[in-house]
Amino acid sequence: MTIYVATLAVVFMVILIVRLQQQAALTSSQGRHEIFAGVPRLAVGFIALLLILVAGLRWRTGTDYVQYALDYPRYRDQSLSDVGLLGEPGLNVLVRIAAYVRDDPASMFFTASAVTISLIVWTYYKNSPMFGTSLALYVLVGAWHSSFNGIRQWLACAVLFAGHRLIVERRLGPYLAVVGVATLFHVSALVAVGFYFVPRTRLGLARFLAVGAASVLALTLYEALADAIVIFRDSSTETLLQNAYFQERINPLRVALAAGPLVFYLLISKQRTMAVEGHFYLNMVVVHTAIYVAALNSAYIARFAIFTVVYLPVLIPYLLTMEDRRARALWAGLLLLVYAVFWVFELRSDPSVASYKSYWDR
């Protein structure tokens, strides 16, 4: 775990340095302010590069790593016409581009990490009112190291997240095009069509209870969910239902941590002063929590939460609406601490990720 702790420490250090430089710029001359104007973007690039290098230069790190490495020749050589649009040809295209640089499975992992992480980090930079906090949370909620597994699904998530402003701006056509691109990496991205109908205003008690009831009801509908999934999979409903991963229960702590920001909103945040856009991110986290509730008895179903967990690091800065800067900093620190404890626990629970090896350890 040393590499992860060191990476997070560097991320925090860069964010702190940038913050101190920005404060210095505000109290100095206009000329000095202009000198520091470009530092945040440089910092974004540096942090993104660091996260990409650690993720992209891993070797046999992640549950899916070996299977993806074994499938590399197929991704590289299979005819795109044989794959078809619903055959998820996105990674095939990405692998062929990477193979021009180096014909090695390692190039596939590096390219996939570069695309996934750069899209997500840039989206935080463009949309979060507290970029540093969002970036730290991106690591601490597990989204960064989770992308070491489920590579195709995380590529689809990154594409969807990068295009989520189209939902806020109510541009259905372009958003459906984004969903179409995401499905080229993983067909499960089709569920994101429903995200377009997530309200951009306060959810209201009635709709909140309806979402909660639907997620609880889903606990009894796994067979129907399996029927829907196998439409796009070379498998039968019976085989999927008997799959050990489908039957694996998830840790209830995941549900609690997903719901934590909602409790914070109800009990601590000044709800009426939260920015309008914050309500969309709040509602996306409601959906995220509902997915985890629905997936309590199936880790396979929980993978759909990949598409929603990335919204949590954007929401939390919107919840920190306290006028007192010290109070805001205190609550931000406490929230980061809570998620840091969860992050350590989650890493330790996944030995395939915790025991990091680099490309040079081959």
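Modeller: Ala 228 is found in helix 14, residues 222-229, where helices are DSSP runs of H or I with at least four residues, numbered from the N terminus. This is a predicted model, in which local features need pLDDT of at least 70 and side-chain atom pairs count only at pLDDT 80 or more, while totals for chains, interfaces and linings use all residues. Residues are numbered from 1 along each chain as its sequence is written, and side-chain values use heavy atoms, with hydrogens and water left out.

Ala 228 counts as partly exposed because its relative accessibility is 39%, which falls between buried (under 20% relative accessible area) and exposed (over 50%), taken with a 1.4 Å probe on protein chains only. Glu 169 lies 59 residues from Ala 228 in sequence and 30 Å from Ala 228 in space, C-alpha to C-alpha.

Thr 61, by contrast, is buried, with a relative accessible area of 0%, and sits in the loop between helix 3 (39-56) and helix 4 (65-77). Beyond its neighbours within four places in sequence, Thr 61 is in contact (heavy atoms within 4.5 Å) with residues including Tyr 4, Phe 148 and Tyr 356.

Helix 10, residues 151-162, is mostly covered, since 11 of its 12 residues are buried, among them Trp 154, Leu 155 and Phe 161. From first C-alpha to last, helix 10 reaches 17 Å, close to the 16 Å expected at 1.5 Å a residue, that is, 1.5 Å times one less than its number of residues.

Definitions and conventions: Helix = DSSP H or I, 4+ residues; strand = E, 2+ residues; numbered from the N terminus.
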